[in-house]
Amino acid sequence: MITKMQSSYVQRRAQAYMETYDYELTELDIKKALETDPQNREVKSIHKTLKQLEAESNKRDAKLYTNMFAQMANDCSIQTKRLKIEKVEKNEKDGVMGMELEKEDQLKI
């Protein structure tokens with residue numbers, strides 16, 4: 001259990017963590033401060049701000065990952081198409097070569 005004096009230090013440290021976008025450590029310090037003084041308005045205000053910042057961060061992350069995975073899926077489909085085209089071209093080339101070999105065999109006979 002921390003004292004009221006330590007609670008103010010923890011509160012300031014939570015604010016510093018929030019400024020550096022370290023939301024997990026901010027949350028831990030806010031919980032420690034609220035254990036000591038559950039009615040502290042400043043800590044409650046910091047906690048509310050933290051929740052808003054986390055929500056904004058989660059939205060940005062979701063958008064980032066959505067775009068990232070969409071790009072990866074697009075790249076994969078392009079690679080798949082290239083492989084299919086190469087396979088068709090190879091088969092056509094093999095087919096033409098096979099026909100040429102058959103003609104040569106027929107001419108030899």
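User: Is Asp29 buried or exposed?
Analyst: This is a predicted model. The relative accessible area of Asp29 is 3%. Buried means under 20%, so Asp29 is buried.

User: With which residue does Asp29 form a salt bridge?
Analyst: The closest N and O atoms of the pair are 2.7 Å apart, and the cut-off for a salt bridge is 4 Å. The partner of Asp29 is Arg13.

User: Which parts of the chain does the pair of Asp29 and Arg13 tie together?
Analyst: The two residues are 16 apart in sequence. Asp29 lies in helix H2 and Arg13 in helix H1, so the parts tied together belong to H2 and H1.

User: Is Arg13 buried, partly exposed or exposed?
Analyst: Arg13 has a relative accessible area of 36%.

User: How many salt bridges does the structure hold, and which residues do salt bridges with shared partners join into one network?
Analyst: The structure holds three salt bridges. One of them pairs Lys51 with Glu54, with the closest N and O atoms 3.6 Å apart. Through shared partners, salt bridges form one network of Glu27, Lys51 and Glu54.

User: How far apart are the closest N and O atoms of Glu27 and Lys51?
Analyst: Glu27 in helix H2 and Lys51 in helix H3 are 24 residues apart, and the pair links distant parts of the chain. Glu27 is buried at 14% relative accessibility, whereas Lys51 is partly exposed at 40%. The closest N and O atoms of this salt bridge are 3.5 Å apart.

User: In which helix do Lys51 and Glu54 both lie?
Analyst: Lys51 and Glu54 are three residues apart, about one turn of the helix. Both residues lie in helix H3.

User: What pattern does the chain follow along the sequence?
Analyst: The secondary structure comes to three helices and zero strands. Read along the sequence, this gives the pattern α-α-α.

User: Which elements give two or more residues to the largest nonpolar core?
Analyst: The largest nonpolar core has nine residues, among them Val10, Ala14, Tyr23, Ile30, Val43 and Leu50. The elements that give two or more residues to this core are H1, helix H2 (23-36) and helix H3 (41-108).

User: Leaving aside neighbours within four places in sequence, with which residues is Val43 in contact?
Analyst: Val43 is one of the residues of the largest nonpolar core, which also includes Ile30 and Ala33. Leaving aside neighbours within four places in sequence, the contacts of Val43 are Gln11, Ile30, Ala33 and Leu34.

User: Is Gln11 buried or exposed?
Analyst: Gln11 lies in helix H1 (residues 4-19). Leaving aside neighbours within four places in sequence, Gln11 is in contact with Asn40, Glu42, Val43 and Ile46. The relative accessibility of Gln11 is 9%, which is under the 20% limit, so Gln11 is buried.

User: What separation do the C-alpha atoms of Gln6 and Ala33 have?
Analyst: Gln6 lies in helix H1 and is partly exposed, with a relative accessible area of 37%. Gln6 and Ala33 are 27 residues apart along the chain. Their C-alpha atoms are separated by 8.4 Å.

User: Which residues form a nonpolar patch on the surface?
Analyst: Leu64, in helix H3, is partly exposed with a relative accessible area of 45%. The patch has about 500 Å² of accessible area together. The residues that form it are Leu64, Tyr65, Met68, Phe69 and Met72.

User: What percentage of the residues of the chain count as buried?
Analyst: The accessible surface of the chain comes to about 9200 Å², and carbon and sulfur atoms hold 57% of it. Of the 109 residues, the buried share is 17%.

Methods. Residues numbered from 1 in each chain as written. Predicted model: local features only at pLDDT ≥ 70, side-chain atom pairs only at ≥ 80, totals over all residues. Heavy atoms only, no water. Helix = DSSP H or I, 4+ residues; strand = E, 2+ residues; numbered from the N terminus. Buried < 20%, exposed > 50% of the residue type's maximum accessible area, 1.4 Å probe, protein only. Areas by Shrake-Rupley, 256 points an atom, 1.4 Å probe, with all protein chains shown as cover. Contact = heavy atoms within 4.5 Å. Core = buried A, V, L, I, M, F, W, Y, C linked by side-chain atoms within 4.5 Å. Salt bridge = Lys/Arg side-chain N within 4 Å of Asp/Glu carboxyl O. Patch = residues over 30% accessible without salt bridge, like charges linked within 9 Å, V, L, I, M, F, W, Y side chains within 5 Å.
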